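Here are my notes on this one, written for reading with the model open beside you.

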Amino acid sequence: MATAEEGLFDLLHRDGDLQSLVGSRVYPRDAVPSDAGLPRVTYLLVSTLRVQVLRGTTTGKAPLFQIDCWGQDIAKAKAVATAVAAIFQDGYRGALGESGITSKGTIVTEESDENEPANSGEETGIHRVRLGVRIHHAA
């Protein structure tokens, strides 16, 4: 069976509204190509809650992902973040792409804006909107 990370990638990569903004620029945070353009989305698994029940064991999990929405300016980064948040609105329930994992509910737990300073030789920095997204599913 695929992982929640693979399911998240599939879900983000296949969303038409998000794709219209970033194209195919959706990457795990540790696998961004050096020539990746903007805007783009990166994601990172932060932690996973193991769901506990009083009656015994369960296969439930609730991974927390950090999803970073990058843009040349804050307006573009926010537009990407809005498209990402829309995927998870109303507690998204359903398949995580073709991973074989089914979401039993999602929540956007937080949102913050950041500005990355310009590197040497660049005129401006880049902007990021960071989202925290928890996805509940059975393993």
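**Notes on the model**

1. Let's start with a glycine. Gly7 is buried, with a relative accessible area of 0%; the cut-off for calling a residue buried is under 20%, so Gly7 counts as buried. Bear in mind that this is a predicted model.

2. Where does Gly7 lie? Gly7 is in helix H1. Leaving aside residues up to four places away in sequence, Gly7 touches Leu96, Gly97 and Ser99. Gly7 and Ser99 are 92 residues apart along the chain, yet their C-alpha atoms are separated by 4.9 Å.

3. Stepping back to the overall layout: the protein has 3 helices and 6 strands. Along the sequence they come in the pattern α-α-β-β-β-α-β-β-β. Of the 139 residues, 37% are buried. If you take contacts between residues at least 6 apart in sequence, 60% of them join residues at least 24 apart.

4. Now the sheet. The 6 strands form an open sheet in the order S1-S2-S3-S6-S5-S4, and the pairing is mixed. S1 and S4 (94–95) stand at the edges with a single partner strand each, so one side of each has no neighbour in the sheet.

5. On the pairings themselves, S1 (residues 26–28) and S2 (residues 40–50) run parallel and are joined by 3 bridges. If you want a landmark there, Val26 has Val41 in S2 as its bridge partner. S2 then pairs with S3 (residues 60–71) in the antiparallel sense, over 10 bridges; here you can look for Thr48, whose bridge partner in S3 is Pro63. S5 and S6 are also paired in the antiparallel sense, over 12 bridges, and Asn115 stands opposite His127 in S6.

6. H1 lies across S1, S2, S3, S4 and S6, and runs at about 145° to S2. H3 lies across S2, S3, S5 and S6, and its angle to S6 is about 10°.

7. Which residues of H3 are buried? They are Ala77, Val80, Ala81, Ala83, Val84, Ile87 and Phe88. These cover an arc of only 160° around the axis, which puts them on the same side of H3. The face turned away from that buried side carries the exposed residues Ala75 and Thr82.

8. What do the buried residues of H3 pack against? The list takes in both other helices, H1 (4–14) and H2 (16–22), along with the strands S2, S3, S5 (102–116) and S6 (126–138).

9. Finally, the ends of H3. Just after H3, Asp90 takes a positive phi of about 60°.

Methods:
Residues are numbered from 1 along each chain as its sequence is written. This is a predicted model: local features need pLDDT of at least 70, side-chain atom pairs count only at pLDDT 80 or more; totals for chains, interfaces and linings use all residues. Side-chain values use heavy atoms; hydrogens and water are left out. Two strands pair if DSSP finds at least two bridges between them. Helices (H or I, at least four residues) and strands (E, at least two) are DSSP runs, numbered from the N terminus. Buried means under 20% relative accessible area, exposed over 50%, partly exposed in between (1.4 Å probe, protein chains only). The arc is that of the directions from the helix axis to the C-beta atoms. Contact means heavy atoms within 4.5 Å. Axes are lines fitted to C-alpha atoms, for helices over the stretch in contact, and angles run from 0 to 180 degrees between N-to-C directions.
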